[in-house]
Each structure stands twice: as structure tokens, then as C-alpha cells.
Amino acid sequence: MSSVLVVGTIALDSIKTPFGDKKEILGGSGVYAAVAASFFAGTELIGPIGADFPPEHLKFLASRKIGTAALQKIDGPTFRWGGYYEYDMNQAHTLETKLNVLTQFDPQIPDSLKASPYVFLANIDPELQLKVIGQLKKPKLLVADTMNFWIESKRDVLHKLIKQVDYMVMNDGEIRQFMETPNIPLAARRLIELGCKGVIVKKGEHGALLFTGSTHFAAPSYPQELLCDPTGAGDSFGGAFLGYLAKTDDIGPENIRRAVIIGSVMASFNIEDFSLERLKRLKKKEIRERYEAVRGFSKFSSLEV
Ligand code: AMP
């Protein structure tokens, strides 16, 4: 069993979906990813929090045995994100992004974590993601996520980032926007040509696609009828993907496929409730059962004609 280092945002989110309206709830790319990873492997979370960050959220992270000793406490307000979803819940609409302490965050990886084997650079300023990479000692697997906010404001930095990571995790809208084509296989090929080994394209309720230079894998989606709030689906996907790979310490192609399914399964649970509420009450047995259900959806025999 190996461990995971997650770097990302720690946020207070205000979210409106057709199923409710919540203010200042726990969120952030780093939080969703670390909580999802913690179901499988020891997890450390690094990111900035402000002086107003509620202590009960730190207690929750501790209850999941997530290491928070290297969180940076900065004098100022915590990062805040506000958004809403309409009936097409694959599309988040940002109302406001208040970077707050994120603008002062200077990631410092403690010596004890520099050799972390499995690292997830959750969605955060790509300049910060590069600063983290500069401090790492040859991770076995380095995966990064991003979003439209950074694609629009820091495209050149993202180009540098992609050269240095093993896999990128992006949703379908983001990779289309970044590679400036509506065609996802073409966008994936162009992205890999920029210098990473592969890309996982998350397609919300339609599953996920894994592209490497030479292979392609399509993960089916779970037919989810309990969709409440899609926030954090991508981050919980990424965290679980890394967490499962760290647990098994095997980055061979078969195991990467299993990890893509585990990522989809954890994302499908996360969206059943606001914030981290569903993951708070999730049991390992439920993960195993949903994994098996998803496995069944894509079994079919060869053609006999
Ligand atoms: P997702 O998995 O893409 O739904 O990520 C949702 C989380 O990303 C929310 O909890 C937000 O706090 C966080 N977030 C929103 N905007 C940004 C941003 N520009 N950079 C980093 N994290 C963000």
C-alpha cells in the first residue's frame, strides 16, 4: 500500500442546483479529491485556508485520517466559489470566484512528502501546480486536473504543465475548449502530443474515456437517478483514481482501467448530495457493489455472424 499527496483548493462553496440552494458549504478541488482518495490509501492534503475556515471541517478531514499538517493557514478569507447548474447538470455556471488566500498561497512541500509516489494536482492555478512539481522527487504517477477558468487565463502555463505530468484529467467541455476542436478523440491526441502519457476525459453522466498514445478505454456511466449536486465529481474522480492506484501500487494498463472505473463510481456517489455529505456516509461495501454493477454494464460477448 502506497500513499497519495493531493494539492488543491480548500473552499467554501455557494451552490444552487434544481434540488437546492446551499451557502458556504465545504468544497474545493483538494478537499473532494483527498476525501475520495482516503477510501483507498493514506492521503495528505496541501492547500491554503483562511483565518475564517471553520474548524469542524478540519475535524472532518482528520476523521478520514487525511494528513493536514502541511495545509497553509493564511491571514485572510478562505477561497470561495459560487455557481449554479440548470437541468443539464454536466455544465457548471460560475457566478463568482473569490481567490482570496489563493493569491498568497506559496506551496511548500515538506521534506517528508517530497518523495510521495502518487501525486494528484487537483484543479488550482497551474503556476502553483508547476511550483509543486519543482519540489517533488520523481513521483511514480503524477496526474493533474484543470478547468475553464485557468484555460482562459493561463493557457501558456497549462502547456508547460502538460509536458511534466503523466496524465491529465479534464472534462469534455474543457478539453474541447483547450484543444479548440469539438472532436474529443482528436483533442485527446493533440493534448498527448503536447507531452503527457495520456488523458482521461470525464463526460459527466456519460462516463469517462481514457486515451493514451496507443490505446483507448471507455468507462460506462452508472445510471444515476439520485443526482443532486455535481460539484466535485471531477475531483472525487481524480482522488479515487490515484487512491486506488496507490493502494494497489500497480500502474499497469489493466489496473489503470480499474482505477478509471473506481473514479467514475466515486464520482457517481459524490453527486447524490451536496458538499461531501454522501462521501461522509459512504461505506466500502457500497463502492464494491457499484463497481460490480458497472462492470456488468459493459460485458458483452463476441459477434457470431
Ligand atoms: P469539480 O470537480 O470540477 O466540480 O470541482 C468543484 C470544486 O472546484 C468546487 O468545490 C470549487 O470550490 C472548486 N473550484 C471552483 N473554481 C475553481 C478554480 N478556479 N480553481 C480551483 N478550484 C476551483
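Strand β11 (residues 141-145) is mostly covered, since five of its five residues are buried; strands here are DSSP runs of E with at least two residues, helices are runs of H or I with at least four residues, and both are numbered from the N terminus. Buried means under 20% relative accessible area, exposed means over 50%, and partly exposed lies in between, with a 1.4 Å probe and protein chains only. The model is predicted, so local features need pLDDT of at least 70 and side-chain atom pairs count only at pLDDT 80 or more, while totals for chains, interfaces and linings use all residues. Residues are numbered from 1 along each chain as its sequence is written, and side-chain values use heavy atoms, with hydrogens and water left out.

In a regular strand the side chains alternate between the two faces of the sheet. In β11, L141, V143 and D145 point one way, L142 and A144 point the other way, and all are buried.

The neighbours of β11 may now be considered. Strand β10 (residues 118-121) runs parallel to β11 and is joined to it by four bridges; two strands pair if DSSP finds at least two bridges between them. F120 has V143 of β11 as its bridge partner. Together, β10, helix α3 (residues 126-133) and β11 form a right-handed β-α-β unit: with the strands pointing away from the viewer, the path from the first strand over the helix to the second runs clockwise. Strand β12 (residues 167-171) is also parallel to β11, and three bridges join the two. Here A144 is the bridge partner of M168 in β12.

The ligand forms the next topic. Of the 19 residues around the ligand, T9, D13, G28, G232 and D235 come nearest; a residue is near a molecule if one of its heavy atoms lies within 4 Å of it. A polar side-chain atom of T9 lies 3.1 Å from a nitrogen atom of the ligand, and a backbone N or O atom of G28 lies 2.7 Å from a ligand oxygen atom. Taken alone, the ligand exposes 510 Å², of which the protein buries 91%; these accessible areas come from the Shrake-Rupley method with a 1.4 Å probe. Helix α8 gives three residues to the shell around the ligand, the largest share.

Finally, Y84 lies in strand β8. Y84 counts as partly exposed because its relative accessibility is 27%. Y84 and D229 are 145 residues apart in sequence, and 9.4 Å apart in space, C-alpha to C-alpha.

Terms used:
A polar contact is a pair of N or O atoms within 3.5 Å; within protein, one must be able to donate a hydrogen and the other to accept it, and residues adjacent in sequence count only if both atoms are side-chain atoms.
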